[in-house]
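Please read these notes with the sequence and the structure side by side.

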Amino acid sequence: MNKKIEQAFNDHLNAEFYSAYLYLSMANCFTAKNLDGMAGWMRLQAEEEREHAMKFLDFIGVRGGRVMLKQIDQPPLEWATPLEIFQQAYDHECEISAKINALVDLATKEGDHAAVNFLQWFVAEQVEEEAHALGIVEKLKMVGDHPMGILQMDGRLAQRTASK
Ligand code: OFO
């Protein structure tokens, strides 16, 4: 595997694990606020991020590269409101999209078509990830700080299943 791509993919592997950590911390914050539906939604999101990390890990291995696990940064512990949490999740997804785009640019520059092809799944996934998070942000903005609205959103997000 091209060394520049191996390095960049290992960095991104760490970013996906950090995403899992961040969302798990957000889930814990929801649990502490008794918003179990939102907590469940975030836990599933954290699991998805771990799966994303594993896709990178497996691809590095299949291509003959070396996986290098690095330290995962500590995520924040507390957020004030559900809107603040989902806004940060949305902003984070936009940052991940920018990282994926940079990987596509690098793989293209290095002529690694297999890597470009692998990354296309993530390009499509990021469109969904951003849309889901933004949709929730917009609804939470409509709800404002009305407890009934927050509880309704909590019930709605409780319906998420592992495949969404
Ligand atoms: Fe939330 O995204 Fe991974 O890639």
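The points below go through some salt bridges one at a time.

1. This is a predicted model, in which local features need pLDDT of at least 70 and side-chain atom pairs count only at pLDDT 80 or more, while totals for chains, interfaces and linings use all residues. Residues are numbered from 1 along each chain as its sequence is written, and side-chain values use heavy atoms, with hydrogens and water left out.

2. Side chains of opposite charge can pair when their charged atoms come close. A salt bridge here is a side-chain nitrogen of Lys or Arg within 4 Å of a carboxyl oxygen of Asp or Glu. The count by this rule is five salt bridges.

3. One of them joins K4 and E110, at 3.3 Å from N to O. K4 sits in helix α1 (residues 3-32) and E110 in the loop between α3 (82-109) and α4 (113-143), 106 residues apart. Helices are DSSP runs of H or I with at least four residues, numbered from the N terminus. K4 is partly exposed at 48% relative accessibility, and E110 is partly exposed at 26%; the term covers values between buried (under 20% relative accessible area) and exposed (over 50%), with a 1.4 Å probe and protein chains only.

4. K70 and D11 form another salt bridge, at 2.5 Å from N to O. K70 lies in the loop between α2 (36-62) and α3 and D11 in helix α1, so the pair ties together parts 59 residues apart in sequence. K70 is partly exposed at 35%, as is D11 at 38%.

5. Is D112 buried or exposed? D112 counts as buried, at 10% relative accessibility. Its salt bridge partner is R63, at 3.8 Å from N to O, and R63 is partly exposed at 39%.

Notes:
Helices (H or I, at least four residues) and strands (E, at least two) are DSSP runs, numbered from the N terminus.
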